[in-house]
Amino acid sequence: MTARQMTAGVRLRVRKLKGVIFLLLCLLAVGVALAALLTLLVDVARDGVPRLSWDFINSYPSRFPERAGIKAALYGSAWMIAITIMVALPLGIGAAVYLEEYAGKNWFTAILEVNISNLAGVPSIIYGLLGLQLFVRAMDLGRSVLAGGLTMALLVLPIIIIASREAIRAVPPSMRDASYALGATKWQTVRQAVLPYALSGIMTGNILATSRAMGETAPLITIGALTFVPFVPDGPFSPFTVLPIQVFNWVSRPQAGFHQAAAAGIVVLMIMTLGLNLAAILLRNRFQRRW
């Protein structure tokens, strides 16, 4: 074996060793993250699961820990998420369709794309300040669930736009060409060929947006969502609270009973988030099988 062949063999072994070390570091990073998550879940479940009951879910907040419940926060979260999805999803998909299918490549669309990417990384408290000025004060919606839902819609809109654009961009050009070859118009091609094929990716973006909106607290505190609400919203203009704010309120109390109630609220919040994600994933998989 020549010296050159021996040098090549050594280099090959070094590259393989580096690859193994990199793989081990990646596995270590994943293991640390999963261990931290598991520790948090076990701690929350240990304190919160014994507190879960129908009375806890069907009771209003109280100054007595044993009587405190999450009914008002649960209804408020449901109202807010419904408004957020109804506003953000059509606007996000419409913006993605325009940017990918209709808008030309010019300075205007370049500015739009840069701003959308930047908005996705803006801290959530900034959206709370925007919602306070625009919806609460300028539009005079007050500290209502509608103002909260619209604020959260602004927060998640860039996520939906970016995810929807990536899904639409992944549609093969042959799908569009085949539709045009059959005499379809631009809108018919988008509606009957592009969107059904991209719907699974769009649903993925909606999953991410819904999960973020469900757990956000800072924007809602900024617009003035209440921490103590002894009633459920009876319309979009009602005052409201949500589960994260209710949990924050209980955690700030000194009594151990409120801390257990906060842990139970976290468990309910995680169940709601996982339930919404599961429903969206099942819907996405259904469309994937169909198309």
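1. Val156 is in contact (heavy atoms within 4.5 Å) with Thr84, Ala88, Ala209 and Ala213, leaving aside neighbours within four places in sequence. The model is predicted: local features need pLDDT of at least 70, side-chain atom pairs count only at pLDDT 80 or more, and totals for chains, interfaces and linings use all residues. Residues are numbered from 1 along each chain as its sequence is written, and side-chain values use heavy atoms, without hydrogens or water.

2. Val156 also lines the largest cavity, together with Ile81, Thr84, Ile85, Ala88, Ile160, Asn206, Ala209, Thr210 and Ala213. A cavity is a set of points on a 1 Å grid over the protein atoms alone where a 1.4 Å probe fits but cannot get out; lining residues have an atom within 4 Å of a point. H3, H6 and H8 each give two or more residues to this lining. Its volume is about 40 Å³, taken as the space filled by probe spheres set on the points. The whole structure has one cavity of 30 Å³ or more.

3. The largest nonpolar core has 55 residues; Phe56, Met80, Val156, Leu220, Phe240 and Trp250 touch the most other members. Such a core joins buried Ala, Val, Leu, Ile, Met, Phe, Trp, Tyr and Cys residues through side-chain atoms within 4.5 Å. The largest share, 13 residues, comes from H6.

4. Glu101 is found in helix H3 (a DSSP run of H or I, at least four residues). Glu101 counts as buried because its relative accessibility is 10%, where buried means under 20% with a 1.4 Å probe, protein chains only. Its side chain makes a polar contact of 2.7 Å with that of Arg176; the cut-off for such N or O pairs, one able to donate a hydrogen and the other to accept it, is within 3.5 Å.

How values were computed
Buried < 20%, exposed > 50% of the residue type's maximum accessible area, 1.4 Å probe, protein only. 1 Å grid on protein atoms, 1.4 Å probe; cavity = no way out; pocket = protein on both sides within 12 Å on 5 of 7 lines; lining within 4 Å.
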